[in-house]
Amino acid sequence: MTGNSDTSPVVLAHLSDVHLPPPAPLPSWRAFTNKRALSVASWKRHRVHRHRPELATIVREDIVAAAPDLVLNTGDLTNFGLPEECAAAADWLASMPARTLVVPGNHDAMVRSNWPDHAGLWSKWMEDTDETSFPYCHIHGNVAVIGLNSAIPTPPFMACGRIGKTQREKLAQLLDETKILCRVVMIHHPPRAGLVPWRKSLLDHKAVATVIAQHGASIVLHGHSHDATLATVPGSEIPLVGVPSASLLSSRPWRQSGWNRIAITPTQEGWTIDLQTRQFTSDVGWRCSRHRRWQQHSELRGQIMKANEPR
Ligand SMILES: [Fe+2]
């Protein structure tokens, strides 16, 4: 736990789906023999023109200027999950201006692969978690960040995710253990139907949502949709927050590259959570496309404040 005073805001920078370009020119898609072949062909046709590294750099510079306490990256740093891409993504994570946490996305686990030289290269930004021990928990002041891994290899044309029973059970335990804190859950695939097409959905979204609703959380951050949506975790009023891709060139305003600034301030009753979404286009520059604020009541909060009062 860090030394934040009890009333200091904790500022989070939430970004996702940066889809960094491969570090070297890729061979023809014919050089790949599995699902990656289709993905490489699609990338060369379309995605290389849509996900722009210069936009990712502009987003990173804006995050640097905001001086967050934590940077939370909800996955899909790569396009094909190749070892060279994962190594380049590690450099990207190291370039962030604050303690950074990451969870993998479906592109980062496109095919079954050896964890240590793929997403395992990001273990220092995942609390040294290996692929069998998610979710992890990082505590910063009054904030607990819990990172889930929804990335699974899938057949061609599918981009589903799954959390599974083991992670759900550990999630429930971690949410209980951290209930005196402001609990922030990170997951690549949104735990709610309808935010992405079925072929891209979280297969056990109902079970994951039930765990979060029953055990409680302050906010759930996801990627994958490339969209600044604001929903709730089913069965609860817990905000479920999407974010645009950090690198997407798009004519549709809600999909243009950006990130979420989230400030969490303790109050006597619980927390104030302030959410701003910042989006960039070369013609307009930066704009704040969404600004919401919640007061969250925590029955435990009064007990903590009393316990911390000077005698
Ligand atoms: Fe994704």
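Two strands pair if DSSP finds at least two bridges between them. Strands are DSSP runs of E, at least two residues, and helices are runs of H or I, at least four, all numbered from the N terminus. With that, here is the open sheet: 6 strands, in the order β3-β2-β1-β10-β11-β12, with mixed pairing. The edges are β3 (99-102) and β12 (285-297), each pairing on one side only. Neighbouring strands are turned by 20 degrees against each other on average, direction ignored.

Some ground rules. This is a predicted model: local features need pLDDT of at least 70, side-chain atom pairs count only at pLDDT 80 or more, and totals for chains, interfaces and linings use all residues. Residues are numbered from 1 along each chain as its sequence is written.

Now the middle of the sheet. Strand β1 (residues 10-15) and strand β10 (residues 258-266) run antiparallel, joined by 5 bridges. In that pair, A13 stands opposite R261 in β10. Helix α2 (residues 53-66) packs on the sheet and touches β1, β2 (70-73), β10, β11 (270-281) and β12. Touching, or contact, means C-beta atoms, placed from the backbone, within 7 Å. The direction of α2 makes about 175 degrees with that of β1. Axes here are lines fitted to C-alpha atoms, for helices over the stretch in contact, and angles run from 0 to 180 degrees between N-to-C directions.

β11 and β12 form a hairpin with 3 residues between them. They pair antiparallel over 12 bridges. G270 has its bridge partner in β12, namely H297. How many of the 13 residues of β12 are buried? The count is 0. Buried means 20 or more other C-beta atoms within 10 Å of a residue's own; exposed means 12 or fewer; partly exposed is in between.

Take α3 (residues 83-94). Its 12 residues should span 16 Å at 1.5 Å a residue, and its end C-alpha atoms are 17 Å apart, which agrees. The expected span is 1.5 Å times one less than the number of residues. Buried in α3 are E85, C86, A89 and W92. Down the axis, the buried residues fall within an arc of 105 degrees, so they line one face of the helix. The arc is taken over the directions from the helix axis to the C-beta atoms. The face turned away carries the exposed D91 and A94.

Helix α4 (residues 164-177) has 14 residues and reaches 20 Å, close to the 20 Å expected. Its buried residues include Q167, L171, L174 and L175. They cover an arc of only 100 degrees, which puts them on the same side of α4. K165, T166, E169 and D176 are exposed on the other side. The cover over the buried residues includes β4 (136-140), β5 (143-147), β6 and α5 (205-215).

That brings us to the core. A nonpolar core is a set of buried Ala, Val, Leu, Ile, Met, Phe, Trp, Tyr and Cys residues joined through C-beta atoms within 7 Å. The largest one has 68 residues, and V184, M186 and V220 touch the most other members. Strand β6 (residues 182-187) gives the largest share, 5 residues. Beyond four places in sequence, the contacts of V220 include V185, I187, I212 and L240.

Last stop: P104, in the loop between β3 and β4. Is P104 buried or exposed? P104 is buried, with 32 other C-beta atoms within 10 Å. Its C-alpha is 6.9 Å from that of H188, 84 residues apart along the chain. Beyond four places in sequence, P104 also has contacts including G75, A119 and N149.

How values were computed:
Two residues are in contact if their C-beta atoms, placed from the backbone, lie within 7 Å.
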